[in-house]
Amino acid sequence: MSTLTRALQRLSLTDFHSVPNFLVAVRMKKWVDKPEIGYGVSYRRKVHFPEEYTIKPLEVTNLGGRDPVTGRLVVKGIGGGIKHKYHWIDWKRDGPKEGPPKVERVVKIMKDGCRTAFIALVAYENELKYILATENMKPGDLLQTSSHIPRIPVRPNEGDAYPLGALPVGTEINCVEKYPGLGGFLVHAAGTCAKVIRKAPDNQVIVQMPSKKEFSLHETCMCTVGKLSNAEHGSTPIGSAQKNRELGNRPRSGWWQRKSGRHGRKLRRLPPPKSFGWNSGDDIEQIKLSLPGLP
């Protein structure tokens, strides 16, 4: 202790060479910006897309809830799971703006492990692409795609693609474009569909989403007619903890613990019931307000 006291007494503000090493040694910490959730980054898997569109299954790198750059754990509920190939969906369904529609044929319906709805392999001339399959779509069906908006609404079949302005009110749709030319941006989940509610001024169409929210979209936004396939996905139980791990979901917690109120939660009994009945008004005290000098 006396040695430390003498060392501190010899310190001065101008003499930095005499400062002991245990005082100038500072632990440096590297600051890394944390990733933000909800800005177009998937922390479950990273798909390696090639430069050109292809129907070959794409390679996937499982992230397990970690940021691909920093390696930090971002989402705690993701981990493990069976590794699936990714099938590239062509979200843009463009058709001719004049003349007869483009006719495509469904080659096969298949299941994709990276999404909930089934996918369909569609052929047009010498081109192949994947789209989301509708509820009653089957191999051999002919799908029509057109970007023309006629004066009278069309009578579409399930799986056809038309602009919002060409469909009658009450049509069930999916893969709706948010902006013209963007591609199917809304309604991708299995068994879901949106509905055309009404036509609005300024070439707008009101569409009701599966969440009952209403969006006002431009009439030239493309969409697919019908309800998406695999409607039983939402009502099918997982069944076991092992199956949940195969789906890539990490357990939320360990042992089951009774909530005893140790962390501030209070267990209070219910308040007494309120009685609401008709009151004749005889027992109500009447208050008469008056100002001095007034009758």
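This is a predicted model: local features need pLDDT of at least 70, side-chain atom pairs count only at pLDDT 80 or more; totals for chains, interfaces and linings use all residues.

Where does Phe185 sit? Its place is in strand E10, which covers residues 184-186. Phe185 has a relative accessibility of 45% and therefore counts as partly exposed, since that class lies between the limits of 20% for buried and 50% for exposed.

In soluble globular proteins, nonpolar side chains tend to be buried together. Here, the largest nonpolar core has 17 residues, and those touching the most other members are Leu164, Ile173, Val176, Val207 and Leu217. Which elements give two or more residues to this core? They are strand E11 (194-200), strand E12 (204-208) and strand E14 (222-225).

Leu164 deserves a word of its own. Apart from neighbours within four places in sequence, Leu164 is in contact with Ile173, Val176, Val207 and Leu217, among others. Its contacts also include Lys199, Val205, His218, Glu219, Cys221 and Cys223.

Finally, the protein as a whole. It contains 3 helices and 14 strands. Of its 295 residues, 27% count as buried. Among contacts with a separation of 6 or more, 57% are between residues 24 or more positions apart. The accessible surface amounts to about 22,200 Å², and carbon and sulfur atoms account for 54% of that surface.

Thank you for your attention.

Methods. Residues are numbered from 1 along each chain as its sequence is written. Side-chain values use heavy atoms; hydrogens and water are left out. Helices (H or I, at least four residues) and strands (E, at least two) are DSSP runs, numbered from the N terminus. Buried means under 20% relative accessible area, exposed over 50%, partly exposed in between (1.4 Å probe, protein chains only). A nonpolar core is a set of buried Ala, Val, Leu, Ile, Met, Phe, Trp, Tyr and Cys residues joined through side-chain atoms within 4.5 Å. Contact means heavy atoms within 4.5 Å. Accessible areas come from the Shrake-Rupley method with a 1.4 Å probe; for residues, only the protein chains shown count as cover.
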